Amino acid sequence: MSASKLLLVGNPNSGKTTLFNALAGMRARTGNYPGITVEKRSASLEHQGKALELIDLPGTYSLTPNSPDEEVAERELRNCPEANVLVVVDATAISRGLYLLTDVARPGRKITVALTMADEAKRRGIEISAQALSETLNVPVRAVDARDREAARALLRDLENAAEVTLDLDYPGLVTKLARDADVPESEAARAVMGAAHPESIEERLGDSLAKRALALAPEELAAAQEAVACARYACTEALKSAATSAPPKATNDTRTEAIDRVLLHPILGLLVFALVMGLLFEGLFSGADPFIELIEGAVGSAQSLVRTMMGESVLRDLITDGVIAGVGNVVVFVPQIAMLFLAIAFLEDSGYLARVAFLIDRVMRGIGLQGGAFVPMLSGFACAVPAVMGTRTIASEKDRLVTMLALPLTSCSARLPVYVLIIAVVFAGESRVLGIFSMGAVVLFSMYMLSVLGALGAAAIMRRTILKGPTPPFVMELPPYRMPTLGALLRITWSKVKGFLIDAGSVILALSIVLWALLTYPVHEESVAHYAAQREGVTDAAELEAIDQAQRAALLEHSAAGSLGKAIEPIIEPLGMDWRIGVGIVGSFAAREVLVSTLGIVFGSGEADEESESLREQLSSATRADGSQLMTPLSGLALLIFFVFACQCMSTLAAVKRETQSWKWPLFMFGYMTVLAYVSALLVYQVGGMMGFT
Amino acid sequence: MKVLSDAKVGSSAEIACVQCSDPALRVRLMELGLVRGTRVEVLRKAPLGDPLIVRIRGYELSLRRIEAQAIEVSAEGSK
Ligand SMILES: Nc1nc2c(ncn2[C@@H]2O[C@H](COP(=O)(O)OP(=O)(O)OP(=O)(O)O)[C@@H](O)[C@H]2O)c(=O)[nH]1
Ligand SMILES: [Mg+2]
């Protein structure tokens with residue numbers, strides 16, 4: 001016999017995934033923001049000797065889905081008519097949670113109910129008796145703190161008593177008639193009436209005959225019936241609520257959230273705080289991570305010297321030290337900053353502030369033709385565009401979703417951070433301070449992030465007015481209360497991101513580093529070897545020999561396969577202030593951005609075999625062009641930075657967009673417009689900056 | 001008839017009806033609890049006066065002026 005299923009169904013942000021994690025020992029992503037889960041996720045567990053498949057679903061307010069993530073939940077319920085359903089109701093928003101219960105309930109559907117946020121309800125003085133509710137509904141109801149494993153386990157014991165709910169619903173005459181005519185239960189007819197608001201998908205959801213009948217209703221009649229259904233369901237849930245509340249009604253507002261919002265959403269103070277939060281984030285990101293970075297750089301250096309002393313001089317040794325260790329090490333170095341960024345974003349999200357950011361920014365987003373909620377997938381694009389592209393599923397309209405998806409890869413994902421940090425460290429090192437507090441590096445870093453936000457918003461605005469025209473979508477979003485993030489949850493999220501990054505560094509970057517190393521080493525230019533061997537003849541001065549070695553390395557590199565490739569594209573990138581060595585890096589970085597760092601490490605560091613290799617930053621800042629001028633000046637560094645802000649250099653993002661849009665058209669378009677934007681912007685910066693006398 | 005977007009911050013009112021031209025949005029607003037007879041309290045407005053946050057049925061909901069304009073309210077009182 002196959003495992004029985006238990007579906008977790010509930011409003012967004014009601015604690016479904018938290019329960020799922022507690023019950024199945026999983027670590028799926030949670031967050032204090034409605035719409036974190038956008039796809040179904042299952043886990044098998046054993047309960048009382050029987051196999052149980054637990055399925056976590058995206059949150060929804062009803063079974064008339066408004067966006068792709070809600071469709072996932074609705075479809076799963078429809079496809080599993082036999083499955084038990086655990087309806088997850090946030091005890092602090094009980095009427096709205098029970099509304100969904102009235103929609104889920106149908107003949108034959110076995111249900112149990114979890115009242116989550118029991119701890120918060122208690123703090124706010126909301127007194128709901130699970131017992132009383134259970135008696136009226138005739139199904140098990142249990143109040144829990146979803147984060148508490150033991151309490152969550154008890155919910156599984158309730159499954160034995162799962163049953164059909166008894167609801168006192170007074171549907172309007174039209175629903176009764178529709179049910180009789182179509183020979184379906186009233187609950188089904190009510191769903192058809194509500195579902196007629198989405199005629200495009202009603203047939204799939206409710207079947208031909210019922211859908212036809214519902215769509216045949218006169219518009220005024222239908223509108224009236226929809227209102228009557230909503231009223232009937234809410235009358236039912238309010239009655240359930242008051243029957244389960246013993247104490248006389250009193251104010252149960254979340255005073256804590258109100259107090260915090262008085263500051264954070266204050267018209268002036270709120271914006272100042274927002275700016276300050278962002279400023280501190282970047283300053284911390286830039287200066288706070290330094291000691292850790294030095295630690296890692298030190299470890300990489302020692303690993304290289306260790307291998308050098310252990311192995312005899314050979315090609316394999318060079319491959320390991322200069323290809324593998326240097327390649328991976330140059331990327332691992334950025335883990336501290338990535339961890340800090342994620343930790344900060346996770347904190348903002350889990351505290352509830354991120355939802356406020358969507359609220360604050362909505363007016364700006366509307367100017368663009370999107371809504372505040374679209375800002376959050378964009379913001380999560382700062383971590384990685386791939387989950388962010390999936391996160392757009394919470395956006396109701398197809399066009400808005402496309403615009404958001406196509407624009408969000410412009411936000412600076414964590415893979416760009418290593419590139420920014422490296423280049424900034426090379427060209428904007430100095431001690432100079434801006435406003436006496438912020439270091440120059442932090443300011444440039446912040447500007448790159450701002451530029452990426454402006455780029456993303458600008459691109460969205462243009463697409464919205466040209467190829468993807470459409471009405472501005474509504475913005476209707478529940479604002480979660482502020483919650484104190486738990487350290488455990490924050491660390492879990494951070495670790496999962498860092499792990500993802502490390503796996504990339506360990507696989508793609510490792511493989512590419514080896515390939516690049518080979519491309520940079522072969523073919524060996526025999527003429528140069530002979531030429532420099534002849535030069536060495538008779539020379540005894542160590543410094544002079546060293547100079548010859550250096551020249552030989554440079555010549556060999558130039559004639560290698562990668563060198564030729566870089567040379568081939570040099571004419572294209574020269575106007576951007578880059579030379580062929582950076583060109584090699586850029587070519588490599590189209591596979592994944594962070595590859596740039598490891599590539600540059602190899603390009604600029606190769607041949608360093610016998611010395612303590614100086615850090616990549618130092619190598620880059622002392623690198624010169626053919627004419628002897630410095631390669632990395634503030635201006636050429638800026639052009640390179642800007643190229644990376646805008647360029648679409650990530651296979652995984654293109655694949656994700658392909659998956660979400662079911663076509664190659666959009667990913668190709670995205671690649672095209674971003675590359676052009678990157679090139680033109682870098683060109684403008686370098687050329688105009690040069691004309692204005694900057695270097 | 002008054003509409004929700006005209007209600008002052010800090011005041012509360014009772015919903016009379018939801019008149020959106022977009023049927024999908026209208027149904028969604030009703031599903032969120034904005035039905036006839038529900039008390040709504042306007043909690044605050046964003047810095048530029050739009051969107052706003054209201055409290056209904058014990059939770060906070062953010063919506064735009066334009067959406068609030070489609071919600072007719074009656075019986076205003078200041079808390
Ligand atoms: N205090 C408290 N917080 C909880 C409880 N359950 C969940 N949370 C928090 O509430 C937030 C939302 O929890 P999730 O599990 O992500 O909610 P969800 O229902 O999966 O949300 P979506 O995936 O967006 O539909 C998280 O910040 C949780 O830590 C609870 O019982 N008590
Ligand atoms: Mg979830």
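Hi everyone. A residue counts as buried here when its relative accessible area is under 20%. Keep that cut-off in mind, and also that what we have is a predicted model.

Let's start with helix H8 of chain A. Its buried residues are A:Ser187, A:Glu188, A:Ala189, A:Ala190, A:Arg191, A:Ala192, A:Val193, A:Met194 and A:Gly195. That makes nine of the 10 residues of H8(A), so the helix is largely enclosed by the rest of the structure. What do these residues pack against? Within chain A, the partners are helix H3 (94-104), helix H7 (173-182), H9, H10 and helix H11 (219-244), and from chain B there is helix H1 (23-31).

Now to helix H9 of chain A, residues 199-206. Here the buried residues are A:Ser201, A:Ile202, A:Arg205 and A:Leu206. Looking down the axis of H9(A), you find them within an arc of 125°, so they line one face of the helix. They pack against helix H2 (68-79), helix H8 (186-195) and helix H10 (208-215), again in chain A.

Last stop, the metal. Which residues coordinate the magnesium ion, ligand 2? They are A:Thr17 and A:Thr37, each through OG1, at 1.9 Å. A:Thr17 sits in helix H1 (residues 16-24) of chain A, while A:Thr37 is in the loop between H1 and strand E2 (41-47), so the pair ties together parts that are 20 residues apart in sequence. Are these threonines buried or exposed? A:Thr17 has a relative accessible area of 7%, so it is buried, and A:Thr37, at 15%, is buried too.

Technical notes
Residues numbered from 1 in each chain as written. Chains lettered and ligands numbered in written order. Predicted model: local features only at pLDDT ≥ 70, side-chain atom pairs only at ≥ 80, totals over all residues. Heavy atoms only, no water. Buried < 20%, exposed > 50% of the residue type's maximum accessible area, 1.4 Å probe, protein only. Helix = DSSP H or I, 4+ residues; strand = E, 2+ residues; numbered from the N terminus. Arc of directions from axis to C-beta. Contact = heavy atoms within 4.5 Å. Donors = N, O, S within 2.8 Å, 3.2 Å for Na, K, Ca; no water.
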